[in-house]
Amino acid sequence: MVVDVQSKILPGVTHWQSPNFYAYYPANSSVAGFLGEILSAGINMVGFSWITSPAATELEMIVLDWLGKLLKLPQEFLSSGNCFASGHGGGVIQGSASEAVLVVLLAARDKTLRMVGKSALGKLVVYGSDQTHSALQKACQIAGIHPENCRLLKTDSSTDYALSPEIVSEAISHDISIGLIPFFLCGTVGTTSSATVDPLYSLAKIAKSNGMWFHVDAAYAGSACICPEYRKYLDGVEEADSFNMNAHKWFLTNFDCSALWVKDRNALIQSLSTNPEFLKNKASQANLVVDYKDWQIPLGRRFRSLKLWMVLRLYGVENLQNYLRNHIELARYFQVCVGQDPRFEIVAPRKFSLVCFRLLPPVDDNETRGSNKLNQDLLEAVNSTGRVFITHTVRTTTPLLCSSLALSGMYTLRLVVGAPLTERRHIDAAWKVLQDEAFTLLCSPLQENGNLPKSPPPIGFFGNGFKAEPLPQK
């Protein structure tokens, strides 16, 4: 079997834990997370209700309170301090951020329909931006929200691609004036395209004034907010109805482990609960315990809290903070490298460990189409080396089908630092691959005419007579 794994499986695996993996957003693995997975697999319980394995339910409540306190979430999001079963808020582990936004959208939908009547489903309207993850659109499809009532509002560079409160207010006012019912607003901390942060407090005020559910998606960047210097990006979350971050992205917790907190657990339970005879028991019937089956889509659930418990216990807050800071510093270092090469430009401000950049076309060929083709070719060339894996973002032209990877029509390259083993030497190697492939692409037409040498310039020299400034030391 080991031979077959090596010869038949591994050659077809994309190694997300490789230090040279810079694509999408990270999917961290660690010894602590791995140990938690082993224990969970060995125990192999199906913890849909408290009685099926009390430790699974109670540990999940405990570790999500721990994590919530690290993020300085308001007390209303925590299970502690509330009555064990009937408290208002609490946390639950979902499989992904897609599941998280779906369950809160369903809860918000049903809460609204109980007030306005089930026949009003076709009038319900959801709001996000053209940078919001496509999971919101899928959630709307599943929840029966009409496609034309999923408003993905336009963003641009004037707000660093953040959702504009003014545009949101205008859209809501217009919809109300034509008889529609705004009921759900999604803000993002760390968008997929460029890790943009929406203005949470302003959006929360708009949602509250219009009786809407406000959800905050911090799937990627939420992890960084355990560091005091990045907690400011969560300012306003205290006004949200729900908050989500993926511990399996950037928090050394093996997939799947998506933490969701809600202020009103009963909204979830009313929307998602079923109570067939074979599941009835005294503890549940007396409302003395939490049954997480009523907080999620499926019935069955794994003992996922074990791995998060292991990560928090074995690494501790300080080590986790330093781990995150190191990735952000490596991203800053890569940004400096890009900024010192006049052939490239930084496309969006960097807040966390994602750098958005692109290769500039020759001076006499500055059309968007030519520039986009050049960067697409660079992406394919870099990834074809097998030494580095990066991804891109680009905007589509159909408003209701906007990709979540969209920045003003420019084909933009994304390099995100997040693999556990990445060090500065890996960043240097990735940058050299990018430089070499860029040199080949820019010079190949001239080489055919015999006007340029067929090798890159020496290290530290970026062409066009520009000598790079010394890079910051490690």
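When I speak of a contact, I mean heavy atoms within 4.5 Å. Please bear in mind also that this is a predicted model.

Leaving aside neighbours within four places in sequence, K249 is in contact with Y25, P26, A27, N28, A219 and Y220. The residue has a place in helix α8, which covers residues 247-250. An unreviewed UniProt entry lists K249 for "modified residue: N6-(pyridoxal phosphate)lysine"; such annotations may be inferred rather than shown by experiment. Is K249 buried or exposed? The relative accessible area of K249 is 18%, and buried means under 20%, so K249 counts as buried.

H426 lies in helix α13, residues 424-448. With 10% relative accessibility, H426 is likewise counted as buried. Which residues does H426 touch, leaving aside its neighbours within four places in sequence? They are P19, N20, Y22 and L421. N20 is 406 residues away from H426 along the chain, yet the C-alpha atoms of the two are separated by 6.4 Å.

That pair leads to the protein as a whole. Of the contacts with a separation of 6 or more, 73% are accounted for by residues 24 or more positions apart. The protein has 474 residues, of which 54% count as buried. Its secondary structure comprises 13 helices and eleven strands.

At the β3 end, β3 pairs with strand β2, residues 124-129, in the parallel sense over four bridges. Within this part of the sheet, G128 stands opposite L152 in β3.

The other sheet I wish to show is an open one of four strands, ordered β8-β9-β11-β10, with antiparallel pairing. Why is one side of β8 and of β10 left without a neighbour in the sheet? Both β8 (344-346) and β10 (391-393) stand at the edges, and each has a single partner strand, so one side of each has no neighbour there. Neighbouring strands of this sheet are turned against each other by 40 degrees on average, direction ignored. Strand β10 is joined to β11, residues 412-416, by three bridges, and the two run antiparallel. Here T391 stands opposite R414 in β11. Helix α11, residues 305-339, packs on the sheet and touches β8, β9 (354-359) and β11. The direction of α11 makes about 15 degrees with that of β9.

Finally, a pair of helices. Helix α4, residues 97-116, packs with helix α5, residues 135-143, at an angle of about 45 degrees, their axes being 9 Å apart. Angles under 35 degrees count as roughly parallel and those of 65 to 115 as roughly perpendicular; α4 and α5 are therefore oblique to each other. Their crossing is right-handed. On the α4 side the contact is made by S98, V101, L102, L105, L106 and R109. On the α5 side, A135, L136, A139, C140, I142 and A143 take part.

Notes. Residues are numbered from 1 along each chain as its sequence is written. This is a predicted model: local features need pLDDT of at least 70, side-chain atom pairs count only at pLDDT 80 or more; totals for chains, interfaces and linings use all residues. Side-chain values use heavy atoms; hydrogens and water are left out. Two strands pair if DSSP finds at least two bridges between them. Buried means under 20% relative accessible area, exposed over 50%, partly exposed in between (1.4 Å probe, protein chains only). Axes are lines fitted to C-alpha atoms, for helices over the stretch in contact, and angles run from 0 to 180 degrees between N-to-C directions. Angles under 35 degrees count as roughly parallel, over 145 as roughly antiparallel, 65 to 115 as roughly perpendicular and the rest as oblique. A crossing is left-handed if the near helix is turned anticlockwise from the far one by less than a right angle, and right-handed if clockwise.
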